[in-house]
Amino acid sequence: MTGAAGRLPEPVWRVEVTLDGAEATQAWAAQLASVLRAGDLVILTGELGAGKTTFTQGLGAGLGVREGIISPTFVLSRIHPSVRDDDGAGPDLVHVDAYRLGSAGELLDLDLDATVDRSVTVVEWGRGLAEALAGWPDDPEASWLDLELVRAEGGAVAAAGAPPEVGGQAEAGAGVVPFITDFSDEDGTGADEVRTAVLLAYGPRWTGVRVPT
């Protein structure tokens with residue numbers, strides 16, 4: 001399997017949020033976690049330093065999972081279990097880095113289908129590949145969130161979040177994925193940069209759902 005053929009469906013809604021630095025990014029992610037539930041998929045896009053790991057840390061805090069979220073580049077995926085001890089314990093967080101993967105088949109070979117129904121799954125660099133985890137294009141109920149983090153100096157926001165051609169990372173986002181030798185996704189000196197989060201929702205799961213803005 002090399003990815004779903006053709007273009008994605010039209011999103012059911014689009015939200016754009018300005019985030020003033022790392023703390024604001026984590027705070028918004030924690031708020032977003034309040035509308036997530038087991039089985040939800042978030043496809044996360046953004047250049048190095050855009051705040052993907054920062055966002056995922058905030059999401060994990062909102063979900064109440066074990067601390068220590070870092071980029072999973074070299075292990076491809078990490079499971080962060082829920083540590084809530086009340087009756088309302090939430091889902092685990094599965095954090096995936098798909099940069100080194102060339103097809104949706106390689107992503108599915110990670111056996112993520114064994115955890116996706118009971119976890120919130122976040123896939124970095126997954127646009128054009130990870131939609132298959134939601135069942136696209138075979139399942140008419142396939143639903144997921146596509147989130148792109150755009151640095152203020154990292155390119156035009158207007159290009160972010162455009163429905164991509166599905167079928168591989170060469171078509172992901174607004175352009176070709178760059179060759180990367182530094183796989184650190186820490187924000188470093190850019191931690192206080194203003195970012196824009198462009199959030200697209202696909203599928204019936206997200207019809208009528210309100211998210212923080």
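1. Two residues are taken here to be in contact when they have heavy atoms within 4.5 Å of each other. By that criterion, and leaving aside neighbours within four places in sequence, Leu147 in this predicted model is in contact with Trp28, Val42, Ile43, Leu44, Thr45, Phe55, Ala197, Val198 and Leu199.

2. Leu147 also belongs to the largest nonpolar core, which has 29 residues, and it is listed with Trp28, Phe55, Leu59 and Leu199 as having the most contacts inside that core. At least two residues of this core come from each of strand E1 (13-20), helix H1 (22-33), strand E2, helix H2 (52-63), strand E5, strand E6 (144-151) and strand E7 (194-202).

3. Apart from this core lies another, of 19 residues, whose members include Ile43, Leu129, Leu133 and Leu200. As a general background to both points, nonpolar side chains in soluble globular proteins tend to be buried together.

4. Strand E5 (residues 119-124) deserves a separate comment, because six of its six residues are buried, so the strand is largely enclosed by the rest of the structure. Ser119, Thr121 and Val123 point one way from E5, whereas Val120, Val122 and Glu124 point the other way, and burial applies to all of them.

5. As for the pairing of E5, strand E2 (residues 41-45) runs parallel to it and is joined to it by four bridges, with Leu44 standing opposite Glu124 of E5. Strand E4 (residues 92-97) is likewise parallel to E5, to which six bridges join it, and there Leu93 has Val120 as its bridge partner.

How values were computed:
Residues numbered from 1 in each chain as written. Predicted model: local features only at pLDDT ≥ 70, side-chain atom pairs only at ≥ 80, totals over all residues. Heavy atoms only, no water. Buried < 20%, exposed > 50% of the residue type's maximum accessible area, 1.4 Å probe, protein only. Pairing = 2+ DSSP bridges. Core = buried A, V, L, I, M, F, W, Y, C linked by side-chain atoms within 4.5 Å.
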